[in-house]
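Student: Please take a close look at one part of this structure, starting from a single residue and its surroundings. After that, go on to how the chains meet.

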Protein chains: 4
Amino acid sequence: MRLALVPSTDPADYRFTHTLRTRFSETDAMGVVHHAAYLLYLEVARVEFLRSIGHPYDEVRADGSDLAVLESFVQYRRALRFDEVVDISLMVDNLTGTTFQIGYLLAVDGETCATAVTVHGAVDAGGRASRLPEWIKGPGLRGG
Amino acid sequence: MRLALVPSTDPADYRFTHTLRTRFSETDAMGVVHHAAYLLYLEVARVEFLRSIGHPYDEVRADGSDLAVLESFVQYRRALRFDEVVDISLMVDNLTGTTFQIGYLLAVDGETCATAVTVHGAVDAGGRASRLPEWIKGPGLRGG
Amino acid sequence: MRLALVPSTDPADYRFTHTLRTRFSETDAMGVVHHAAYLLYLEVARVEFLRSIGHPYDEVRADGSDLAVLESFVQYRRALRFDEVVDISLMVDNLTGTTFQIGYLLAVDGETCATAVTVHGAVDAGGRASRLPEWIKGPGLRGG
Amino acid sequence: MRLALVPSTDPADYRFTHTLRTRFSETDAMGVVHHAAYLLYLEVARVEFLRSIGHPYDEVRADGSDLAVLESFVQYRRALRFDEVVDISLMVDNLTGTTFQIGYLLAVDGETCATAVTVHGAVDAGGRASRLPEWIKGPGLRGG
C-alpha cells in the first residue's frame, strides 16, 4: 500500500477546484449518489487540473505514456444527492521517481462531503511501470 | 433511420437467451434500474451470443474490423428492480451488405419487461463503414 | 411503439441547448464514447431544460409524480471522443394526454454526431401511468 | 480514517468467492477495465455473499436500516481486460458496535489483479449512523 497522503478538510490546503453537478443517473435506490460515482468525479477534476496547468490529458496519453491509477481511497462523510453542485478541490504531493499522490476534498456549499486520495504511476504503452515524465516533477504539478 | 425490426414479445421467436441479475449500482433514485443500463444488458447478451456461435467478440475485434452500434431503440414496459433475474433473448434479422439488426426481449419470470432493437454495421480500424465479414452473412448468425 | 418524432439535424429547429464535455470514464476499449453514455447526456440535457423553464426535476419528483422514460432511440452518426465538447439541443413535441416526446441533436463544433428521441409518460408513486401535469401541457414545455 | 484491514493475497484467507465476467461497457480508452468498475464488482460480491448467508440485501434494506459504504480502498495490481473471468473473494473483519470492514481479493486464473477494502456502517432511514443489526454481530458474517 502506497497510500500515505492524508487529505485535509480545509479548502485553503488545495490549489485547484473544479465544480460539477451530480447527475440523476449517478444516484441509486438509496436515493443518493452511488459511492462508485465519486471516482468518476475525481477523474473529471484531474482532467480539468491537467488542462489548467497546460498538460491536457489527451496530450499526456499521446506521448505514449499514461498515468495509471495504482490505488484509490474515498472517505464518504455526507451523502451527495441528485442535482447538488459539488466543489472538488485537489492537490498533488508525495512524488517519488515513479509515483505521485493526489488528495481531494469534495464539498457542497462549504460542507465537507468526502475526502479522497488517488495514487498514480506512469506506465508505458505495454502497461509496465516507467519513470514519471519530467514535467510532472517540475513545479507545475505541485504548485508553489 | 435504419431501425426496421419489430421485436416480438413471444420467447419462441428468439434463438438465444442470456440470463443476468440486475446490480444495485444500476438502480437510480426512482428505486428501479436506470433506463441506460438496459443498453449494457443488451451488449452483455450480444457478447455471450457471439461466443455461443463460435465468434467471441475479442476475436471479432482482433480481426481489425469492429461491429459498431449505429442505432439503439428500447421500449420500457415494466421497470426492472434491484436483484431481479432477467432473461435477455435475442434474434438477428434484416441483414444488408453492411448492416444487420438484433431484436431483444427482456423478461423476468416470463413477464415482458422491455423489448429492444440495435442496428449494427462493420467499421474498419479508421471507423469507416465496411462490408460485413463473411461469417456474419452465413447461417450461423441468423440460425437455421 | 410510440416513437414518432423525427429529430432534425438543423440546430435552428431546437429551442434549448446544453453543453457538456465527455468524460474519460465514458469511453470504452474502442477508444470512443460508449453508446450507452449518450442516454446519460440526454438526461442531463432534460434536467437542465426543466430547470431553465422553472420546473427543476427534483420539484417535479417531489410532486409525487414522475416522468418515466417509456422509449429511447439513438442514431449514432459520428463517434464522440474523450474530452470533446458536445452541444445537446432538444425540443418537445407529440404531446398526448399521457405522453410527450423529446427530440435531440448532439453536435461537436457544428458537426452532427447523433440524433435521438425519448418518449416520456407521467407515472404515479406506484409506477402506474397517470395524466400529465398541467404545466407540461402549457406553452412552457413546447415553447412559444 | 477507519480503514485498518490489510487484505491478503492468499485465497485461503477468504471465506466466500463470487465469479463474474468483465463487460465491454466497463472498459475505457486505455483498453482495460476502468478503475471505478472495481467498486461495482465489490458490491456485486457483497450482495451475493449476503444472499449466501441467508440475509439478502433487499431484506436488509427492507428492515429500515441500510449498510452504507463509509470508506473504500482499492489497490490495482494488474489491469483487468474485457471478457476476463474474475474471482472476487471476500472476508469480514474489524467489527465494532457500528462498523465492520470487508477485505477483497480479485484474481484471474489465480493471478492477483487487485485487493480492496470497504468499511461499512449501519444507517437508519434518515441516513444517520445506527448500531449494527444483531445478525451482523453473530458468527454468520465472519464465519468460523
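Tutor: Leaving out residues up to four places away in sequence, A:C113 touches A:R77, A:R78, A:L80, A:V86, A:L106, A:A107 and A:V108; two residues are in contact if their C-beta atoms, placed from the backbone, lie within 7 Å. This is a predicted model, in which local features need pLDDT of at least 70 and side-chain atom pairs count only at pLDDT 80 or more, while totals for chains, interfaces and linings use all residues. Residues are numbered from 1 along each chain as its sequence is written, and chains are lettered from A and ligands numbered from 1 in the order in which they are written.

A:C113 sits in strand β5 (residues 111-123) of chain A. Strands (E, at least two residues) and helices (H or I, at least four residues) are DSSP runs, numbered from the N terminus. A:C113 counts as buried because it has 21 C-beta neighbours inside 10 Å. The cut-offs are 20 or more other C-beta atoms within 10 Å for buried, 12 or fewer for exposed, and partly exposed in between, with C-beta atoms placed from the backbone. A:V32 is 81 residues from A:C113 in sequence, and their C-alpha atoms are 12 Å apart.

Next, the meeting of chains B and C. The contact takes 17 residues from chain B and 17 residues from chain C. On the side of chain B that touches chain C, α1 (37-52) and β2 (66-76) each supply at least two residues.

β2(B) pairs with strand β2 (residues 66-76) of chain C in the antiparallel sense over five bridges, where pairing requires at least two bridges found by DSSP. Within β2(C), C:V74 stands opposite B:S72.

Chain B is superposed on chain C by a rotation of 180 degrees with 0.0 Å of shift along its axis (RMSD 0.0 Å). This is the relation of a two-fold axis. Of the residues of chain B, B:F73 comes closest to the rotation axis, at 2.2 Å (C-alpha).

How values were computed
Least-squares fit on C-alpha atoms with pLDDT ≥ 70 in both.
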